[in-house]
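Open the model in your viewer and keep the selection tool at hand. The stops below are meant to be taken in order.

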Number of protein chains: 2
Amino acid sequence: MHASLTMKKIAKELGVSVSTVSRALQNHPRIGAQTTEKVQKLARELHYEPNSRAINFKNKKSYNIGVVLPYLTEQYFSIALSGIEETLAGKGYNMVVMQSRNDYERELAAISSLIRHGVDGILVSMASETYNKSHFNDATHKVPIVFFDRVLKHPKYGAVYGDITKAAFDMVQFLITKGHQNIALLNGPNSLQATTEREKGYIDALRYHSLAINQQYIKNLNLTKEDTILKINELLNLATPPEVILAFHDYIALDAMEVCKQRGLKINQDISFVTFSNLSFCSYLDNPPIATVEQFPGELGSQAARLLLEAIEQPETYVPREIVIEPKLIVR
Amino acid sequence: MHASLTMKKIAKELGVSVSTVSRALQNHPRIGAQTTEKVQKLARELHYEPNSRAINFKNKKSYNIGVVLPYLTEQYFSIALSGIEETLAGKGYNMVVMQSRNDYERELAAISSLIRHGVDGILVSMASETYNKSHFNDATHKVPIVFFDRVLKHPKYGAVYGDITKAAFDMVQFLITKGHQNIALLNGPNSLQATTEREKGYIDALRYHSLAINQQYIKNLNLTKEDTILKINELLNLATPPEVILAFHDYIALDAMEVCKQRGLKINQDISFVTFSNLSFCSYLDNPPIATVEQFPGELGSQAARLLLEAIEQPETYVPREIVIEPKLIVR
DNA sequence: CAAATTTGCGCAAACGATTGTAAGTACGCC
DNA sequence: GGCGTACTTACAATCGTTTGCGCAAATTTG
């Protein structure tokens, strides 16, 4: 492995100086044509490749971007990651990926590890358990940070996210116009901004259509399966159980559907579901959620990557800003 | 951002030399107690962090590992990636992820990009369209390569994979003991080693139980949905259509099931499915494949990462080797 | 033909940290 | 008091590349 071929060797071989080799390889005009040719020929023959570690050191850049997200195995995030990869690859950057597993400590460790490894910037989709946000503040003194999807809204950070309030509003409005009245909301954890916005859209739509708001229809989940089962049972045990359940995630809907089936309810007949994530496998279900919201995670990731690259490459003119991606209602 | 605090500044501030600062921060015994204390105190106050780019340069290491796999969005690979991340993080390494999208050119570009970015080693799960393998040979002159799952078996490379032949054998044997005779195989593309092995296990099991091998029951797919639909229709159009179909992937089974349903067949009644990947959402199906093979992708990734780290950290004693992970038959 | 300009190339510093070697001081011992 | 031994710290080289500057030789100009 690695004979460690440097410019020095090429220079010695040809009896010229290292600086001449360097300039010849860059086609610098101050180097003569024959010398340039001679150097490039030998470099090609020896398969010379510049030492990226030395170049990174000199340029104070690594061309690596850190990405911190809750779970790689969640399709939503892996699609976002795909979008990020695509955008970065086009600009010569690679991505270093770490999972927070929705854990604050891990998120902290991931960010500091990325900084220690010398990434040029960081894309973050926050862990649901992140209540203390000061580590982002510390980190941003070192490298620019852009949030995507699970964002921290603050003028200091760039952020790319979907308009959850509107998505929830549209969804509820769709259900109302379909004739539904008893619509429950299986919402996410309180720590996520999206949870608040989803609830707002839900309430706004009910108000807009002059329907009563039943607080018992609104449940916040903590992302564990037990809690989902608990909360769906609470809904089904109500005097007037909901006809439609708005689940913030496909997997939540699936778990809830299981409970319904066990209780003898027929999905899309006795009770229907709509969701907030459009995962590919749902189309294979016999009774899929009747509607869903496409949030374009790939686009989210891609835009966030673009924003971060701007922060890295034009730091003088860059102003952190927020980009909103319009979600789209999909009726099955 | 970045005031670029270096040892030089600390040294100047305290009127000592840079080397003293360096050694004081390492608690080197040659530096006096007060000096060490003084340096560390100031470093703490100024939030000094060593410049990782300079250290990477000096150590000729980046503590970054490249990972090239077909698709991030395939749950199987994202689980493997999770396993890789976990193992690497424990050893102070981060991972740089790239997708080949099963395309040879992209795989090539990914590997050379990783090398240019200075990763210390590369984990690869090969693209299905990779017929020419010479780029791996070129790359391994620069950094060690370890394959996982979709491996290239060659003494030069480490490799971690599942025993597909045994898995297929066990699966077919299970079906035979359940009384099935007409078992078809929807296999992967020819370019993948696993395809050959799966076919071998399938044939071995039939032979072992003295059953005839019907070549019409064996179909190789090219991973496009159209091809899957075409091949499943060919199977169903046979004079004696199969009772059970062994699909090499859950998504293939799902697409095939769709076709069956459209043709009025009842899943798990008129025709059954078994698969070779145990994706989480299948448990939510009303009629899931009756059996599947758990291949432990996380374990695969984790072991591959361990092997690669060995190649990187003990290059003198490292000998490339193959690690086989025993798959497990799961009956639903 | 001398002066001015261009052309071609090497020297050396720089990036930030590590580390072998040297050099200085203080101490104890005979 | 001189010398060996600790002890403490500084100097300088090094990793591989880039780049400003300077110095020759070649060429053009008046």
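Which atom of DNA strand D is 3.0 Å from an N or O atom in the side chain of R23(B)? Select R23(B) together with DNA strand D: the atom in question is a base nitrogen. Keep in mind throughout that this is a predicted model.

**DNA strand D**

Stay with DNA strand D and show the residues around it, 28 in number. Those that come nearest are R23(A), Y48(A), T20(B), R30(B) and T35(B). In T20(B), a polar side-chain atom lies 2.5 Å from a phosphate oxygen of DNA strand D.

Next, colour the strand by sugar, phosphate and base. Sugar or phosphate makes up 53% of the atoms of DNA strand D within 4 Å of the protein, and bases make up the rest.

Now switch to a cartoon view. At least two residues of the surface near DNA strand D come from each of helix 1 (7-14), helix 2 and helix 4 of chain A, and from each of helix 2 and helix 4 of chain B. Helix 2 of chain A gives the most, 4 residues. Coloured by class, this surface shows 9 nonpolar, 12 polar and 7 charged residues.

**DNA strand C**

Move to DNA strand C, which 30 residues surround. T20(A), T35(A), R23(B), R30(B) and Y48(B) are the closest.

- S19(A): an N or O atom of its side chain is 2.9 Å from a base nitrogen of DNA strand C.
- K60(A): an N or O atom of its side chain is 2.7 Å from a sugar or linking oxygen of DNA strand C.
- Y48(B): a polar side-chain atom lies 2.5 Å from a phosphate oxygen of DNA strand C.

By class, the surface near DNA strand C holds 10 nonpolar, 12 polar and 8 charged residues.

**H117(B)**

For the last stop, select H117(B), in the loop between helix 6 (104-116) and strand 3 (121-124) of chain B. Is H117(B) buried or exposed? H117(B) counts as buried because its relative accessibility is 14%, under the 20% cut-off.

Show what H117(B) touches beyond its neighbours within four places in sequence: S52(A), N56(A), S62(A), Y63(A), N64(A), G92(A), Y93(A) and N94(A). Finish at G92(A), whose backbone oxygen lies 3.2 Å from a polar atom of the H117(B) side chain.

Terms used: Residues are numbered from 1 along each chain as its sequence is written. Chains are lettered from A and ligands numbered from 1 in the order in which they are written. This is a predicted model: local features need pLDDT of at least 70, side-chain atom pairs count only at pLDDT 80 or more; totals for chains, interfaces and linings use all residues. Side-chain values use heavy atoms; hydrogens and water are left out. A residue is near a molecule or strand if one of its heavy atoms lies within 4 Å of it. A polar contact is a pair of N or O atoms within 3.5 Å; within protein, one must be able to donate a hydrogen and the other to accept it, and residues adjacent in sequence count only if both atoms are side-chain atoms. Ala, Val, Leu, Ile, Met, Phe, Trp, Tyr, Cys and Pro count as nonpolar, Asp, Glu, Lys and Arg as charged, and the others, Gly among them, as polar. Buried means under 20% relative accessible area, exposed over 50%, partly exposed in between (1.4 Å probe, protein chains only). Contact means heavy atoms within 4.5 Å.
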